[in-house]
Structures are given as C-alpha cells and as structure tokens.
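Me: Please take a close look at the open sheet and the packing around it. Keep it brisk.

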Amino acid sequence: MKPTIRDVARVAGVSTTTVSRVLNNRGYISKKTRTNVYTAINNLNYLPNDLARSLFHKKTNTIGLLVPNTSNAFFGELTFEIQGFCESLDYKIILCNTLNHIDKESKYLETLSRSQVDGLIMSTSNPHILHNCEQNLPIVTIDYYISKKIPLVSSDHYSGSLQAVELLLSKGCQHIIYVSTSTAIEQSSTLKRNAYEDGMKSQGKTSIIYEYSGYEEKCKVICKLFDENKKVDGIFCSDDITATAVITEAKKRGISIPNHLKVIGYNGTEVSQILCPGLTTVQQPIDLIAKTAVKSLLDVIDGKVNTNPTKFHLPMKIMEGNTT
C-alpha cells in the first residue's frame, strides 16, 4: 500500500501537522525534527501529494506552453530552452503542440485550465484565442501581439530582415528576391516582408516576392523563381530550410554560390547550421527569447506587471557564412 503522511508522522515520531510544515517549509522546525521527518520519508519512499500542496499554496509551479509545431527547428529549440530554464526555477511545463490548428488550441486551453497551470506562454496567430482563455490566467505571447494587457516577447524581425537586405545590397546584388512560406505567423511574416520592401525601395530596387505553403509547393515555387528571373543575384529567405532548398536548386542549375548568387536564411538554429553549414543567416536569440518569456510570465503571476506590459523586441544579428 502507498505510504501516507500519517505513516511518515508515525515513523518520525511527530504529528501530521509537523510533517506538513516540514514539506511546505512553514514555521520553525528544529534541525533534529526536520532530519527525522526526511529520514522517514526516504525510508518509506513517500511521495508528497503535489495537488494537495498546490491547493494549499494556490500555485502548481506548472506553466503551459502552447506552440505551433515543435518539428519546426525554431520552436523545437525554443521549447527546449524554455523547459530547461523552467526546470532551473523549479517549474514544470505542459507542452501543447497545436500543429497550427485553431480547434486544437481551444482544446489544449481547456486542458491547461483544468490542470490549474500558473500561467501560459504561447505562440499563435489566432486573434480570437483570448475568447477561449480563462480571463484571469497570466499569459505571455511570443511573436504575436494579442492584447495590450498581455506582454509580448519577440525578435526584432523588421531590423533583422532589413540587415539581411542591406547586406545583399552591400555585396553588389541588383536583383534580390524574397521567398517566404505563407503559413508563417502573420505578424512576424509581415514585418520581414515590410523590411525587404523598404530596403529595396530605399535603393530604387523593384521588390519581387514568392510565397508557398507546404513542401511540394515550395519546390515548385523555387523552380519557378529561377525560371522567371534569370538575372537574380540575391535571395533572402524567411527561414533557413527554405534557404537550403534554394541553394540545392541553384546547384542543380550550375549556379555558383556566392559568385553568381548570394543567399541569406533566417533563424540560425543549431539544426539549420548542421543541415547547411556555412549558410549566412539572420540569427534569432532563442535562449534570450525563452528566458525573457519565462521571467515575464513569472512577473505577471506575481503581479509585478503594470496595466501596460512591456513589449520585448530582442536584437538579432547576421551570422555571415560562405553563401554571401
């Protein structure tokens, strides 16, 4: 039979109230009594009731994490960083992988509410998600602005993308094309596109944009790009995987990189650096995004955020490799 707190009290020679005080670190407990209680716990292999303890403290030390797709290298690494940082603060996470489905988001939010999480970190492009959230649930969003009441943590996508365009221009590129997935988070995708168009316009260049959704369409769109633009000498991609596909197709066509074509990716994840070593990319500060999101959420949970929470737009940098 599973040992109870009464068993621990009996073996330690104290009351159940004293055991509870030791477990919850409340009030003065002598060193001898504390040692006796922990010895009894170890000998009995007693596991404290986390739910009961959380009800007492009105905290579960659990955070919900809702992301679009952990198979995406960026969100996979972001999840890893958030989980690691939470563990260092004695917090657990419940991971919800929505696969970009709004109905899944709604179901996961119900699950998280029932699980009594202390707060929620989420990355979503669903503007109506707040209707499905418990109104008093502390929330921090990543990349997508939902409400002035909710802190936003994001890379400075506009500045990072503008750096990419300016680098291509400084390398002498005259015909630069932007390639993007149409399924990306809308707000960050818009910032990247705006930066590309502004950078081109500032130099009197014409903007050319190709978009795709799905792997098969990506390959077709990239082929179409090369077929329709014989003079292309620079390509800026919305992510590193797309940049890798562009480089692969260029090599098939005998186009020399970076001599005749310069390519820049976006995100700078560890996975992309392994898949395409030497790729020039705009690197997002994933570890800093994770820590900022967690710290911001804990501030909200502790009531430290004012009525106009901070928007964190974190700086990005170019990792210049041998594709430019």
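Reply: What follows covers the sheet, then a helix across it, then the cores.

This is a predicted model, where local features need pLDDT of at least 70, side-chain atom pairs count only at pLDDT 80 or more, and totals for chains, interfaces and linings use all residues. Residues are numbered from 1 along each chain as its sequence is written, and side-chain values use heavy atoms, with hydrogens and water left out.

The open sheet has six strands, in the order β2-β1-β3-β4-β5-β11, with parallel pairing. Strands (E, at least two residues) and helices (H or I, at least four) are DSSP runs, numbered from the N terminus. Two strands pair if DSSP finds at least two bridges between them. From one strand to the next, the twist averages 15 degrees. β1 (residues 62–67) pairs with β2 over six bridges. There, V67 has N97 of β2 as its bridge partner.

Helix α5 (residues 73–88) lies across β1, β2, β3 (119–122) and β4 (139–142). α5 runs at about 175 degrees to β1. Such angles run from 0 to 180 degrees between N-to-C directions, with axes fitted to C-alpha atoms, for helices over the stretch in contact.

Now the cores. A nonpolar core is a set of buried Ala, Val, Leu, Ile, Met, Phe, Trp, Tyr and Cys residues joined through side-chain atoms within 4.5 Å; buried means under 20% relative accessible area (1.4 Å probe, protein chains only). The largest has 23 residues, of which L78, I82 and I121 touch the most other members. β1, α5, β4 and α12 (286–301) each give two or more residues to this core. α12 gives the most, with seven.

How values were computed: Contact means heavy atoms within 4.5 Å. Buried means under 20% relative accessible area, exposed over 50%, partly exposed in between (1.4 Å probe, protein chains only).
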